[in-house]
Amino acid sequence: MTNFQGKVAIVTGGASGIGSAITHRLLEAGVKVAVADLNEAKLKEMEDANAGNLIGVVANVTKEADIEALVKKTVEAFGSLDFAFNVAGASKAGAITEQSEEDWDFTVDLCLKSVFLSVKHEAKYMKEHGGGAIVNIASLNAHVPMFYGAAYSSAKAGVEMLTKNAALELAQHQIRVNAILPGLISTPLTSDLTKVEAINDAYMDRIPMRRAGEADEMAGPALFLVSEDASYVNGASLLVDGAWAVS
Ligand code: NAD
């Protein structure tokens, strides 16, 4: 069993949904957390509720300077960096024949470039300080295409391959890098879609467990991947999707 007490983690996109669930599970386990997000009000609320154990860092994960500052602030506040969960993501949907270059870039920058920048700077620190473990949030859509989701699916497939490349390069520095591929998870990101009955019914037809996952159901797999129990798990993609991928 891993003793997480006193460890330090970064969670990007931690002010909502999956990132927030991971953050709360880390805090329960005694981990100090730096949460990076654009949602300043929510970060302040989280910081006030967890004074001494959590810092909120307003950061745009698509900007390298913000990521560098995030790592620096984390180490200044808590003295080290052991784990990183690169969760922030969103997309602008569009048919391939209609999607603007701007919307494509928005999605690919937010879902893929951000993970590259995050892994780059998190691993730079970890490499010099004895290693660490990183979890990137990809998506089931890395394997399964979806209508009007070419930018998102392509970016998430990129996150999966980036994770494998990072594992390959960083293993020699005692850094493990793994990906989680969530299926449909109930969060603010999906609520607009699933409240449309026809769309929700279509999802339920495809998911053998006949329900969406809860954000909290991502937290256990995420903590497992950084734990000692996963000490030989590296470069892996963990599907957490209620068996959607095998249906
Ligand atoms: P969410 O919208 O609840 O949370 C995303 C968070 O990221 C928000 O707090 C938002 O403010 C933050 N964010 C957005 N852009 C940012 C930026 N440029 N810089 C910093 N922070 C930014 O979404 P979620 O459902 O929790 O999704 C989290 C991750 O999981 C995303 O990468 C998403 O693609 C992935 N995912 C979600 C699902 C799902 O069904 N919810 C499925 C597969 C993968």
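Among contacts in the chain between residues at least 6 apart in sequence, what share joins residues at least 24 apart? It's 69%, where a contact means two C-beta atoms, placed from the backbone, within 7 Å.

Quick housekeeping. This is a predicted model, where local features need pLDDT of at least 70, side-chain atom pairs count only at pLDDT 80 or more, and totals for chains, interfaces and linings use all residues. Residues are numbered from 1 along each chain as its sequence is written.

Okay, the overall picture. We have 8 helices and 9 strands; these are DSSP runs, numbered from the N terminus, with helices being H or I of at least four residues and strands E of at least two. The radius of gyration is 17 Å, close to the 18 Å that the globule rule gives for 247 residues, so the chain is as compact as a globular protein of that length. That radius is taken over C-alpha atoms, and the rule is 2.2 Å times the number of residues to the power 0.38.

Now the inside. Of the 247 residues, 43% count as buried, meaning 20 or more other C-beta atoms within 10 Å of the residue's own; exposed is 12 or fewer, and partly exposed is in between. The largest nonpolar core has 71 residues. By that I mean buried Ala, Val, Leu, Ile, Met, Phe, Trp, Tyr and Cys residues joined through C-beta atoms within 7 Å. Helix H4, residues 101-128, gives the largest share of this core, 8 residues. Ile 22 is among those with the most contacts inside the core, and its partners beyond four places in sequence include Phe 85, Val 87 and Met 218.

Next, strand S2. Here 6 of its 6 residues are buried. Lys 32, Ala 34 and Ala 36 point one way, while Val 33, Val 35 and Asp 37 point the other. In a regular strand the side chains alternate between the two faces of the sheet. S2 runs parallel to strand S1, residues 8-12, with 5 bridges joining them; pairing takes at least two DSSP bridges. Thr 12 stands opposite Ala 36.

Last, the ligand. Of the 29 residues around the ligand, Gly 13, Ser 16, Gly 17, Gly 89 and Thr 187 come nearest; a residue counts as near if its C-beta atom, placed from the backbone, lies within 6 Å. Helix H1 (17-28), S2 (32-37) and helix H6 (188-194) each give two or more residues to that shell.
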